[in-house]
Each structure stands twice: as C-alpha cells, then as structure tokens.
Amino acid sequence: MTSDDRIKLEAGWKQALQGEFGQPYMRQLGDFLRSEKAAGKVLYPPGPLIFNALNSTPLDRVKVVIIGQDPYHGPGQAHGLCFSVQPGVPVPPSLLNIFKELKRDLNIDIPGHGCLQSWAEQGVLLLNTSLTVEQGNAGAHKDKGWQTFTDKVIEVVNQHCEHLVFLLWGAHAQSKARLIDASKHLILKSVHPSPLSAYRGFLGNGHFSRTNKFLQQHGQAAIDWRLPPL
C-alpha cells in the first residue's frame, strides 16, 4: 500500500503519516487486501471509505477521539467511522446504547438513524483500530498490519494536538492508553457499550457532558451530539 493518488488522504494526515505507507508492514497489508479481493472475498468498508475517519476529521481539527475495534462486517453497514452505520441501516445494539447514554446524560432524543458523520465533521475522530474486515468474519484483519498503522495515528494526534478527549470504551480501546499523554489530554474510560457490558458502567458514565465541559474549559466549542435528520 502506497500513499499515492489511489489513496485519497486529507493533506494534514497525509503529511503526518507519509512515512508509514512505505513501511514493509503497509506493503504487506496492501498485498494481503489485494489477494483477498482477487480471491473473491467481500471486504468492508468499500475501498474509497477505508480512510473515511481521517478524511472526515482533518488532523488540525481533531478534538475528541473515540476508538473502536474493527468495522461492521454485514452488508452496507460500515463506512469507515467507528460505531457508525450508513444511512438506511438499522442502528446496531452498541450504538443504540451510546444513544441511550446521550439521552440520559444530555437529554438528547434517540435519533432515527446511526450515521455519525456529523460528529466526525465537528472534530470527533471515529477511529477503528482495524480499518478493514471480511464480510461475516469479525476481526479477520486485526493482525494484518492495521493495528500498527492506527497506533501511529493515535501517536500523531497525541503529539500534534492539545487538550483532546479520548473516550476509551472497553478493554481493547483502553489498551491504547499507553500511547496517550494524560498530562495534556483527558482520558475517559468505561466498559464497552455492547449489550453484554453496557449495564456494568457504560450507561451512566457521563462521558458526553464531561467531554464538552473539558473542551469548553480549554476554549473550544462543545460537540453538538445531536444527529441531524437524513
């Protein structure tokens, strides 16, 4: 995988990450993805949306980072933003619990869709740690190189940006805390919003109001967590 015209990447991210695309692990990852497609496997999200999180949230506009694991693996769901689904797709259970906490925390009505594009455009980096997956095979690409790349993304925002809020939900996301300087960023941790764990501390964590309070304390506009109608 090379950072050439086939990879449309926002200019700030492209400059910050250009050294990664020539690394052996990224070349191997590119070869793997091409061989999977050649073998007839269906991969998500669609190619132009693999870097949607970076393209939707320019590096110099990042205010909040939410870390997911890998893309949804059902048809039509994934579009490159963690927890988010494309318009017209039913809201997945974990995202519904996120909406329930928003209702409890900020009295924001539960929306009728699950497309979080408006969050991304306000500076919420919705980063999965694997950027591709095979249809129907969760975690299929987690050891293929994406983790190294997205760890670099986290290191870049940690170094480049000031006074970010990192929302680390669940053990996988919390494992990335080692990459974050807690002396200049706010790290908020809880269990994952999955129905398997949400009632053990995600619901009631107050992360959305705490995020906005921190941003405003540091001279930044709060995130409007309401989703506009489609």
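Trainee: Which exposed residues are carried by the face of helix α2 that is turned away from its buried side?

Mentor: This is a predicted model, in which local features need pLDDT of at least 70, side-chain atom pairs count only at pLDDT 80 or more, and totals for chains, interfaces and linings use all residues. Residues are numbered from 1 along each chain as its sequence is written, and side-chain values use heavy atoms, with hydrogens and water left out. Buried means under 20% relative accessible area, exposed over 50% and partly exposed in between, with a 1.4 Å probe and protein chains only, while helices (H or I, at least four residues) and strands (E, at least two) are DSSP runs numbered from the N terminus. On these terms, the face of α2 turned away from its buried side carries the exposed residues Gln-28 and Ala-38.

Trainee: Within what arc do the buried residues of α2 fall when seen down its axis?

Mentor: The buried residues of α2 are Tyr-25, Met-26, Leu-29, Gly-30, Phe-32, Leu-33 and Glu-36. The arc is taken from the directions that lead from the helix axis to the C-beta atoms. These buried residues line one face of the helix, because, seen down the axis of α2, they fall within an arc of 160°.

Trainee: What elements do the buried residues of α2 pack against?

Mentor: Helix α2 covers residues 24-38, and its reach of 21 Å from first C-alpha to last is close to the 21 Å expected at 1.5 Å a residue, where the expected span is 1.5 Å times one less than the number of residues. Just after α2, Gly-40 takes a positive phi of about 90°. For packing, contact means heavy atoms within 4.5 Å, and the buried residues of α2 pack against α1 (11-21), β1 (43-44), β4 (133-134) and α6 (146-160).

Trainee: Which residue of β3 is the bridge partner of Ile-67?

Mentor: Two strands pair if DSSP finds at least two bridges between them, and strand β2 (residues 64-68) runs parallel to β3 with five bridges joining them. Strand β3 (residues 124-128) is largely enclosed by the rest of the structure, because five of its five residues are buried. Val-124, Leu-126 and Asn-128 point one way from β3, and Leu-125 and Leu-127 the other way. Across from Ile-67, the bridge partner in β3 is Leu-127.

Trainee: Which residue in β6 stands opposite Leu-167?

Mentor: In a regular strand the side chains alternate between the two faces of the sheet. In β5, Val-165, Leu-167 and Trp-169 point one way and Phe-166 and Leu-168 the other way, and all are buried. β5 pairs in the parallel sense with β2 over three bridges, and it also pairs in the parallel sense with strand β6 (residues 186-190) over five bridges. Within β6, the residue opposite Leu-167 is Leu-188.

Trainee: Is Asp-70 buried or partly exposed, and what is its relative accessible area?

Mentor: UniProt, in an unreviewed entry, lists Asp-70 for "active site"; such annotations may be inferred rather than shown by experiment. Asp-70 has its place in the loop between β2 and α4 (93-106). Leaving aside neighbours within four places in sequence, Asp-70 is in contact with residues including Asn-128, Ser-130 and Val-133. Asp-70 is partly exposed, with a relative accessible area of 22%.

Trainee: How far apart in space are Ser-84 and Val-153, C-alpha to C-alpha?

Mentor: Ser-84 is found in the loop between β2 and α4, and it is buried, with a relative accessible area of 1%. Not counting residues up to four places away in sequence, Ser-84 touches Tyr-72, Gln-77 and His-79, among others. Ser-84 and Val-153 are 69 residues apart in sequence, and their C-alpha to C-alpha distance in space is 19 Å.

Trainee: How many residues apart in sequence are the parts that the pair of Trp-119 and Phe-208 ties together?

Mentor: Rings of Phe, Tyr and Trp (its six-membered ring) pair if their centres lie within 6.5 Å, with planes under 30 degrees apart counted as stacked, over 60 as edge-to-face and the rest as tilted. The structure holds 11 aromatic pairs. The pair of Trp-119 and Phe-208 is tilted, because the ring centres are 6.4 Å apart and the planes stand at 55°. Because Trp-119 lies in helix α5 (residues 117-121) and Phe-208 in helix α8 (residues 207-217), the number of residues separating the parts they tie together is 89.
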